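Hi,

Here is the structure I promised to pass on. Have a look at it first, and then read on for my notes.

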Amino acid sequence: PAPCGELTVQVLDAGGARVADAVVTVRAVGRLAGTAPSPVRRTIDQQSLAFIPYLEVFRPGDEVVFRNSDRTRHHVYSFSPVKSFEFVLAPNESSPPQRLDEPGVVAVGCNIHDQMISYLYVTDAPRFARTGPGGKVRFDALRAGDYEVRAWQPRMRPGRAEPMQELGVGGTSDKALVFSLALLPDPRRQPEPGGRGRRTQLVQVC
């Protein structure tokens, strides 16, 4: 077997804090993509007036279903040109499957509860990973060659291109990259003095 290397990617914000919920994609330069995996169906739940998870990653051809596990109705919608939809879900009800055919970002909100927001990141990149609280992901078994590595996070300014770094992997060498992202404040509800929440507005992402 050909020797393979490993890549570690750290995602930070402009202040140096570790960033969760960032998607890192890796593409080989000048190499044909392999066979795409079979489509899958993922569920976005609604619990305690929040979408769970806040961010989910899909491949073109995958499907998403929204389920309402709350005791109140939710009006789920998206204006994204990648995928638009709108439906009302009663408690314990699930939406029809929504097929995601095109790469891009689908911002999802609730027209009844403004603080609810979720992002569907659709990518055709062969390799991807999502950061946890430590802001770090690791890719192993990278064959020798050149790669393009990109990072995206929901709080990046709409319309701003994903930052990209090029990387050469040779033999069994291990590589490390750091992305520093300029991020907007978290759009989800934040506690304020007196216990009142802050209303947010869904931002359309192209």
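If you want a spot to start from, His75 stands opposite Val88 in E8. Please keep in mind throughout that this is a predicted model.

The overall picture

The protein chain has 16 strands and zero helices. Of its 206 residues, 39% are buried. Looking at contacts between residues at least 6 apart in sequence, 64% join residues at least 24 apart. The chain exposes about 11000 Å², and carbon and sulfur atoms supply 47% of that area.

The sheet around E7

E7 also belongs to an open sheet of five strands, in the order E5-E11-E10-E7-E8, with mixed pairing. E5 and E8 are the edge strands, each pairing on one side only. On average, neighbouring strands in this sheet are turned by 20° against each other, direction ignored.

How many of the six residues of E7 are buried? Five of them are, so E7 is largely enclosed by the rest of the structure.

Strands around E14

Now go to E14. Strand E2 (residues 23–28) pairs with E14 in the antiparallel sense, over six bridges, and Ala28 stands opposite Tyr147 in E14. E14 also pairs with strand E15 (residues 164–169), likewise antiparallel and over six bridges. In that pairing, Glu148 has Glu166 in E15 as its bridge partner.

The cores

The largest nonpolar core has 30 residues, and those that touch the most other members are Leu7, Val9, Val24, Tyr119, Phe139, Val149 and Trp152. Strand E14 (residues 145–152) gives this core its largest share, four residues. Apart from it lies another core, of 17 residues, including Ile44, Phe58, Val64 and Cys110. As a general point, nonpolar side chains tend to be buried together in soluble globular proteins.

Setting aside neighbours within four places in sequence, Val24 is in contact with Val9, Val11, Arg127, Phe128, Ala129, Val137, Phe139, Val149, Arg150 and Ala151.

Aromatic pairs

The count of aromatic pairs comes to eight. One of them is Tyr54 with Tyr119, an edge-to-face pair at 5.8 Å centre to centre and 90° between the planes. Why does this pair tie together parts 65 residues apart in sequence? Tyr54 lies in the loop between strand E4 (50–52) and strand E5 (55–58), whereas Tyr119 lies in strand E11 (residues 117–122), so the pair bridges that separation in sequence. Buried means under 20% relative accessible area; Tyr54 is buried at 7%, and Tyr119 counts as buried at 3%.

Phe66 and Phe87 make a tilted pair, 5.9 Å centre to centre with 50° between the planes. Phe66 is in strand E6 (residues 63–68) and Phe87 in strand E8 (residues 84–89), so to speak distant parts of the chain, 21 residues apart. Both Phe66 and Phe87 are buried. Ring pairs also link Phe51, Phe66, Phe85 and Phe87 into a cluster.

A loop glycine

Last stop: Gly134, in the loop between strand E12 (127–130) and strand E13 (136–143). Is Gly134 buried, partly exposed or exposed? With a relative accessible area of 33%, Gly134 is partly exposed, because that value falls between the 20% limit for buried and the 50% limit for exposed. Leaving aside neighbours within four places in sequence, Gly134 is in contact with Gln10 and Arg18. Gly134 and Ala17 are 117 residues apart in sequence, yet their C-alpha atoms are 9.2 Å apart in space.

Cheers

Note on methods: Residues are numbered from 1 along each chain as its sequence is written. This is a predicted model: local features need pLDDT of at least 70, side-chain atom pairs count only at pLDDT 80 or more; totals for chains, interfaces and linings use all residues. Side-chain values use heavy atoms; hydrogens and water are left out. A nonpolar core is a set of buried Ala, Val, Leu, Ile, Met, Phe, Trp, Tyr and Cys residues joined through side-chain atoms within 4.5 Å. Buried means under 20% relative accessible area, exposed over 50%, partly exposed in between (1.4 Å probe, protein chains only). Helices (H or I, at least four residues) and strands (E, at least two) are DSSP runs, numbered from the N terminus. Contact means heavy atoms within 4.5 Å. Rings of Phe, Tyr and Trp (its six-membered ring) pair if their centres lie within 6.5 Å; planes under 30 degrees apart count as stacked, over 60 as edge-to-face and the rest as tilted. Two strands pair if DSSP finds at least two bridges between them. Axes are lines fitted to C-alpha atoms, for helices over the stretch in contact, and angles run from 0 to 180 degrees between N-to-C directions. Accessible areas come from the Shrake-Rupley method with a 1.4 Å probe; for residues, only the protein chains shown count as cover.
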